[in-house]
Amino acid sequence: MASLRNGAGPFFRREGDVKVRIVEVGPRDGLQNEATPVSTQSKAAFVASLAAAGLHEIEATSFVSPKWVPQLGDAEELWPRLPTGPLYSALVPNLRGLERAVGLGVRRIALFTASSDLFTKRNINMTVEESLAVAGEVIRAFRKSVPEGFVRTYVSTAFECPYAGRMAPSVTAGVAGRLHDLGADEVAMGDTIGVASPSEVRSLASTLEVPLSKTAWHFHDTRGTAIANVAACLELGYSSFDSSAGGLGGCPYAKGAGGNLATEDLVYFCSREGFETGVDLPSLARASLPVLEAVGRSPFARAQLAVLAAS
Ligand code: HMG
Ligand code: MG
C-alpha cells in the first residue's frame, strides 16, 4: 500500500503519484434511471461534451434487454456516433449483450453482479451464483474474440442491499474475489443505494483480496456520504473512482437509489486536495446541462452549482 505524506500541503497527496482516475458513468448509470426518453443525438452530444471536458474513460451505454431498461435501447445507434478519443465501456449482462457489443467493435465491457441474491434476482433475474457463471462465460467468449479487450466488473450492494439489508464485508469481498479469479481486469465496489460511511469503506477494503490497482469505487451520493468515502479510499491508497456528471443516476431495480457521486464534486475535491484528474471543471459543469434539461431536472450537484453561479 502506498505510504501517505502527512505534513505540509494536501493531506492525501502521495509522493510520486498524484493522479486520480475517473470513470464517467453518467451516460449509462446516469441516464438508465430517467423515465423521460433522451434522444440518441442528445446522448452523443453529452458524451462529446464530457470528452471535451477531459474525461478519458466513459461508460457510454448498456447492451442489456431494452425491455428492462428502455432508455438505453438505442445502444446500436449511439455507439457509432461516439467521438473518437476516450476509452468507452458498455454494460453487458449476458452472451446476447456481448454479441451485440462485440459486433459494434466494443473493446471494454462491464459485467455486473452483487453481493445479494435478492438484488440480483430483481436486477438481472439471476442469483449471484448464476450471474458469476454467466460472467465466466462472457469473459471467456470476450477474451477469445477480443484478446486485448478490458473487462470491468461491478459488485453492487457492496455495503447494503435495499431488500436484504446490510452485507457482511466478507460476503462482498468473496464475490469481488470470484470476479477477479474469473479474469476481470477491474472490480468496482458499488454502493448502489448510497448508504456507506468511511468506516464501512475501511472495513470492506481490509477484507478485499483484489489488488489495489484493480479496484475501483462506485459511490452513489444518496445520503451525502460519497465524498467522505472517496477521502477514506484515497487515504488507503486507492485512486480509481466512478462518478456521473451532474450527479445523475440510480438503478431502476434498487428501491431508494439516489444519484451517483457527481463528477463535479469529485473533480473539485480531488483537485483541491492536490490530485490531478485531467478534467476542466468549468467545461464539465456545463456538459450535463442539456441532458438535465431534457429529463426535466435543474442542476443539483453542489460543485456544479457553485461553478455555474460564479460564471
Ligand atoms: P430475463 O427476462 O431473465 O432474460 O432478463 P431472458 O433471457 O428471458 O430474455 C428476456 C428477453 O430479453 C428476450 O426477448 C431476450 O431475447 C431479450 P423476447 O424473447 O422476450 O423478445 N434479451 C436481450 N435483449 C437485448 N440484449 C440483451 C438481452 N438479453 C436478453 N443482452 C436480463 C435477464 C439480464 C437480460 C435482464 O434482467 C436485464 O437486461 N437486466 C438489466 C438490468 C439493468 O440494466 N440494471 C441496471 C444496471 S446495474 C446498476 O445500475 C448497478 C451499477 O451501476 C453498480 C452499482 O451502482 O452498484 C452497475
Ligand atoms: Mg450505479
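# Briefing on the protein chain

Thr36 has a relative accessible area of 35%, so it counts as partly exposed (buried means under 20% relative accessible area, exposed over 50%, and partly exposed in between, with a 1.4 Å probe and protein chains only). The model is predicted: local features need pLDDT of at least 70 and side-chain atom pairs count only at pLDDT 80 or more, while totals for chains, interfaces and linings use all residues. Residues are numbered from 1 along each chain as its sequence is written, chains are lettered from A and ligands numbered from 1 in the order in which they are written, and side-chain values use heavy atoms, with hydrogens and water left out.

**Surroundings of Thr36**

- The loop between α1 (26-32) and α2 (40-52) holds Thr36.
- Apart from neighbours within four places in sequence, Thr36 is in contact with Gln71, Ala294 and Val295 (contact means heavy atoms within 4.5 Å).
- Thr36 and Gly136 are 100 residues apart along the chain, and 34 Å separates their C-alpha atoms.

**The chain as a whole**

- The protein chain has 13 helices and 10 strands; helices (H or I, at least four residues) and strands (E, at least two) are DSSP runs, numbered from the N terminus.
- The radius of gyration of the protein chain is 18 Å, which agrees with the value near 19 Å that a compact globule of 311 residues would have. This radius is taken over C-alpha atoms, and the globule rule is 2.2 Å times the number of residues to the power 0.38.
- The C-alpha trace spans about 50 × 45 × 35 Å along its principal axes.
- Of the 311 residues in the protein chain, 56% are buried.
- Taking contacts between residues at least 6 apart in sequence, 73% join residues at least 24 apart.
- The chain carries 29 positive and 32 negative charges, and their mean positions lie 2 Å apart. Lys and Arg count as positive and Asp and Glu as negative, with His and the chain ends not counted; the place of a charge is NZ of Lys, CZ of Arg, CG of Asp or CD of Glu.

**Paired strands**

- Strand β2 (residues 57-62) runs parallel to β3, with 5 bridges between them (two strands pair if DSSP finds at least two bridges between them). Glu59 stands opposite Ser89 in β3.
- Strand β3 (residues 87-91) is largely enclosed by the rest of the structure, because 4 of its 5 residues are buried.
- β3 also runs parallel to β4, joined by 2 bridges; here Ala90 stands opposite Ile109 in β4.
- Strand β4 (residues 108-114) pairs with β5 in the parallel sense over 7 bridges. Thr153 in β5 is the bridge partner of Leu111.
- Thr153 also has a bridge partner in β8, namely Val187. β5 and strand β8 (residues 186-191) run parallel and are joined by 4 bridges.
- Of the 7 residues of strand β5 (residues 150-156), 6 are buried, so the strand is largely enclosed by the rest of the structure.

**Helices α9 and α10**

- In α9, 8 of the 11 residues are buried, so this helix is largely enclosed by the rest of the structure. Among them are Asn229, Cys233 and Leu236.
- β8, α8 (198-207), β9 (215-219), β10 and α10 pack against the buried residues of α9.
- Helix α10 (residues 263-272) has 7 of its 10 residues buried and is mostly covered. The buried residues include Glu264, Asp265 and Phe269.
- The cover over the buried residues of α10 includes β1 (21-24), α9 (226-236), β10 (240-243), α11 (281-287) and α13 (302-310).
- Just after α10, Gly274 has a positive phi of about 95 degrees.

- Most residues other than glycine have a negative phi.
- Asn125 is not a glycine, yet its phi is positive, at about 60 degrees. Asn125 sits in the loop between α5 (117-124) and α6 (128-145) and counts as partly exposed, because its relative accessibility is 48%.
- Thr157, another residue other than glycine, has a positive phi near 45 degrees. Thr157 is in the loop between β5 and β6 (160-161) and counts as buried, because its relative accessibility is 0%.
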